[in-house]
Amino acid sequence: MEEQKMMAATIALAAARLPEGEGGPFAALVVRDGQILGRGWNRVTSSNDPTAHAEVEAIRDACRRLADFNLEGASLFVNCEPCPMCLAAAYWAGIKAIYYAADRHDAAAIGFADLHIYQELARPPADRDLPMHQLMREEALPLFRQWEKMPDKIPY
């Protein structure tokens, strides 16, 4: 029941923000223990930021409010299944569960690339539409070893 209430609030946020023309028809809430910690809606076109998806905006909002990059124990409510970028952001933030309404097929039906990106990620890197080229690995690894040995590092 609580999940349906939060999803209804997410859909209402998307409906309220869509007429503002800041981006696509998406909104998200970060919720923990029944409290909304962060809100976000799509701002891709208004901010000229391709990463300004609703989920990322909600995670950023929650992290700013809490002054913490770890949202462990929180859930993410989204009116559409997260794209791969947003899904990865949820993993990085420590989100424990994601609740979504529409799915990647619904988003594809109105012109969004979520389904295509999911399909691309399932392909071997050499077969993807976006070429990837590894260069200078050995030169980069000393930085990894240096970070690994730092006694005051904050793991995440």
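A disulfide here is a pair of cysteine sulfur atoms within 2.5 Å. By that rule, this chain has zero disulfides. Keep in mind that this is a predicted model, in which local features need pLDDT of at least 70, side-chain atom pairs count only at pLDDT 80 or more, and totals for chains, interfaces and linings use all residues. Residues are numbered from 1 along each chain as its sequence is written, and side-chain values use heavy atoms, with hydrogens and water left out.

Cys 86 is in no disulfide either, with the sulfur of Cys 83 as its nearest cysteine sulfur. For burial, the cut-offs are under 20% relative accessible area for buried, over 50% for exposed, and partly exposed in between (1.4 Å probe, protein chains only).

| Residue | Relative accessibility | Class |
|---|---|---|
| Cys 83 | 6% | buried |
| Cys 86 | 0% | buried |
| Pro 82 | 4% | buried |

**Overall layout**

Helices (H or I, at least four residues) and strands (E, at least two) are DSSP runs, numbered from the N terminus. The chain has seven helices and four strands, and from the N terminus on they run α-β-β-α-α-β-α-β-α-α-α. Its C-alpha atoms fill a box of roughly 50 × 40 × 30 Å along the principal axes. Of the 156 residues, 32% count as buried.

Take contact to mean heavy atoms within 4.5 Å. Among contacts with a separation of 6 or more, 48% come from residues 24 or more positions apart.

**Two cores**

A nonpolar core is a set of buried Ala, Val, Leu, Ile, Met, Phe, Trp, Tyr and Cys residues joined through side-chain atoms within 4.5 Å. The largest one has 18 residues, and those with the most contacts inside it are Ala 28, Val 30, Ile 59, Leu 71, Ala 74, Leu 76 and Ile 95. Strand E1 (27-32), helix H3 (54-66), strand E3 (75-80) and helix H4 (84-93) each supply at least two of its residues. Which element gives the largest share of this core? That would be H3, with five residues.

Ile 59 shows how the pieces meet: neighbours within four places in sequence aside, Ile 59 is in contact with Val 30, Leu 71, Ala 89, Ala 90 and Ala 93. There is also a second, separate core of nine residues, including Ala 27, Leu 29, Val 31 and Phe 77.

Within H4, Pro 84, Cys 86, Ala 90 and Ala 93 are buried. Cover for the buried residues of H4 includes H3, E3, strand E4 (97-102) and helix H6 (114-122). After H4 comes Gly 94, with a positive phi near 85°.

Leaving out neighbours within four places in sequence, Pro 82 is in contact with Glu 55, Leu 87, Ile 98, Tyr 100, Asp 114 and Tyr 118. Pro 142, by contrast, is 60 residues from Pro 82 in sequence and 35 Å from it in space, C-alpha to C-alpha.
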